[in-house]
Amino acid sequence: MRSHFPSINLATIVCTLGLSLVVMSAATTHAAEDSSPSKPIKEAPEKSKSGEASDNVIKSKSKSSEKSSEKSSEKSNAKAAAAQRDKEELDADVLADKIAKKMAELRKESERKAPPPPAMRRSEPKPVQRAASITNPSAGQPHGSNLAGDAMLIPHDVHWSYEGEGSPLRWGKIDPANAKCDTGERQSPIDIRDTIRVDLEPVQFDYKPVRFNVIDTGHTIQVNLGAGNSITILGRRYDLMQFHFHKPSEERINGRNYEMVAHMVHKDVDGKIVVVAILIEQGKAHSLIQTVWNNMPLEKNDTVQPSGTIDMNQILPKDRQYFTYMGSLTTPPCTEGVLWVVIKEPIEVSQDQISIFSRLYPMNARPIQNSAGRLIKESN
Ligand SMILES: [Zn+2]
């Protein structure tokens, strides 16, 4: 079902011609960008739409030739009628051919004018969404009340991203399931400041080497982990499901962001989420990061399943003091009720390692959200 590029067939062309050029351009761009596994391009409706359009062309062509048909019918010559039909079909083919050429030109031109930024060609982190759907019953509810006004101006199939049409300011309007991105009051990331220093219980990390796979979700590089890793915090146990990266770090500490951040997404039996953030700064090469990069897929939405294991203890810095606050997922649907644990001591990765990620995702950080008086605790 995934179609990375729109094929220029007659159906598409005729369908597109029926719409305005602006809409055509958006739809074409979308088709090239959107290969999200959770929202695959629906080929069937496209085909039926295109089919309808093709019929219309043939109908209108038939109409325009009605007069000549009448003349030939006067002669009641079956042969002539058949010849006429052949001619009509030929005309339609020639017309379609002309349209195809014109559309190809227009498409090339629109691509030249506005090459899509790399971040927009990619799609959303599926596992995060899966986790969200468990903890966010509202995600599946009918359309929210905020889907009005200028939301109607956004083409239906715009996909969320970090810039352009699907940029963070529009996430809540792209899909009613993302309403929290707009209306939520405990969103992430935030600038961590004005903390209260208290004695925080250490997070207990129970990590061990497990099997893993690496997926390019279209929004980030994500590592899905086999069972066996967990943390215990505030008396509850949460299993580590996956971790992924943002560049630059989404969270700020007193206004400062870091080169990157790794978000380790944990979930308990009730679907409650704890994200442990590992801040990343430039320095020495990091072996675990190298393991992940070694297994990066060549294509978006592809998964690499290495034969070895990964030991998540390696990503943890020595000092595990942390900041903690209540927030949300930082990607649509921006589900709230997420406990954030931001480890204070950053880890180091090399400039080369940062550059490798940067080639795929030069910027995949949601802007800072209003902390709105939320309590932020910090280990003493
Ligand atoms: Zn994240």
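Is asparagine 254 buried or exposed in this structure? Asparagine 254 is exposed, with 12 or fewer being the cut-off and 9 other C-beta atoms within 10 Å of its own. You are looking at a predicted model, in which local features need pLDDT of at least 70, side-chain atom pairs count only at pLDDT 80 or more, and totals for chains, interfaces and linings use all residues. Residues are numbered from 1 along each chain as its sequence is written.

**The chain as a whole**

- The protein chain has 10 helices and 15 strands. Helices (H or I, at least four residues) and strands (E, at least two) are DSSP runs, numbered from the N terminus.
- Of the chain's 380 residues, 33% count as buried. A residue is buried if 20 or more other C-beta atoms lie within 10 Å of its own, exposed if 12 or fewer, and partly exposed in between, with the C-beta atoms placed from the backbone.
- Among contacts between residues at least 6 apart in sequence, 72% join residues at least 24 apart. Two residues are in contact if their C-beta atoms, placed from the backbone, lie within 7 Å.

**How confident is the predictor?**

- The mean pLDDT of the chain is 74, and 59% of its residues reach 70 or more. This score is the predictor's confidence in each residue, from 0 to 100.
- Over residues 1-73, pLDDT stays under 50, and the model has 91 contacts beyond four places in sequence for them.
- Where pLDDT is low, the predicted coordinates should not be read in detail.

**The largest nonpolar core**

- A nonpolar core is a set of buried Ala, Val, Leu, Ile, Met, Phe, Trp, Tyr and Cys residues joined through C-beta atoms within 7 Å.
- The largest one here holds 53 residues, and Val275, Val276, Ala277, Ile278, Ile280 and Val341 touch the most other members. Strand E10 (residues 273-282) supplies the largest share of this core, 8 residues.
- Leaving out residues up to four places away in sequence, isoleucine 280 touches Ser249, Tyr258, Glu259, Met260, Val261, Ala262, Pro346, Ile347 and Val349.
- In soluble globular proteins, nonpolar side chains tend to be buried together.

**Strand E5 and its partners**

- Strand E5 (residues 221-225) is mostly covered, since 4 of its 5 residues are buried.
- Strand E4 (residues 210-216) pairs with E5 in the antiparallel sense over 5 bridges. Two strands pair if DSSP finds at least two bridges between them.
- Across this pairing, asparagine 213 stands opposite asparagine 224 in E5.
- The hairpin of E4 and E5 has 4 residues between the strands, and glycine 218 takes a positive phi near 100 degrees there.
- E5 is also joined by 3 bridges to strand E7 (residues 236-246), and the two run antiparallel. Here valine 223 stands opposite phenylalanine 243 in E7.

**Strand E13 and its partners**

- Strand E13 is largely enclosed by the rest of the structure, because 6 of its 7 residues are buried.
- E13 and E14 pair in the antiparallel sense over 7 bridges. The bridge partner of tyrosine 322 is isoleucine 343 in E14.
- E13 pairs with strand E15 (residues 377-379) as well, antiparallel and over 2 bridges. In that pairing, threonine 324 stands opposite lysine 377 in E15.

**Backbone details to look for**

- Most residues other than glycine have a negative phi, and most peptide bonds are trans.
- Asparagine 254 has a positive phi of about 50 degrees although it is not a glycine. You can find asparagine 254 in the loop between strand E8 (252-253) and strand E9 (260-267).
- Aspartate 194, another residue that is not a glycine, has a positive phi of about 50 degrees. Aspartate 194 lies in the loop between E1 and strand E2 (196-198), and is exposed, with 12 other C-beta atoms within 10 Å.
- The peptide bond from serine 188 to proline 189 is cis, with omega near 0 degrees. Proline 189 lies in the loop between helix H8 (179-183) and strand E1 (191-192).
- The bond from proline 332 to proline 333 is cis too, with omega near 10 degrees. Proline 333 sits in the loop between strand E13 (322-328) and strand E14 (336-349).
- Alanine 179 belongs to helix H8 and is buried, with 23 other C-beta atoms within 10 Å. The C-alpha atoms of alanine 179 and proline 333 are separated by 7.3 Å, although the two residues are 154 apart along the chain.
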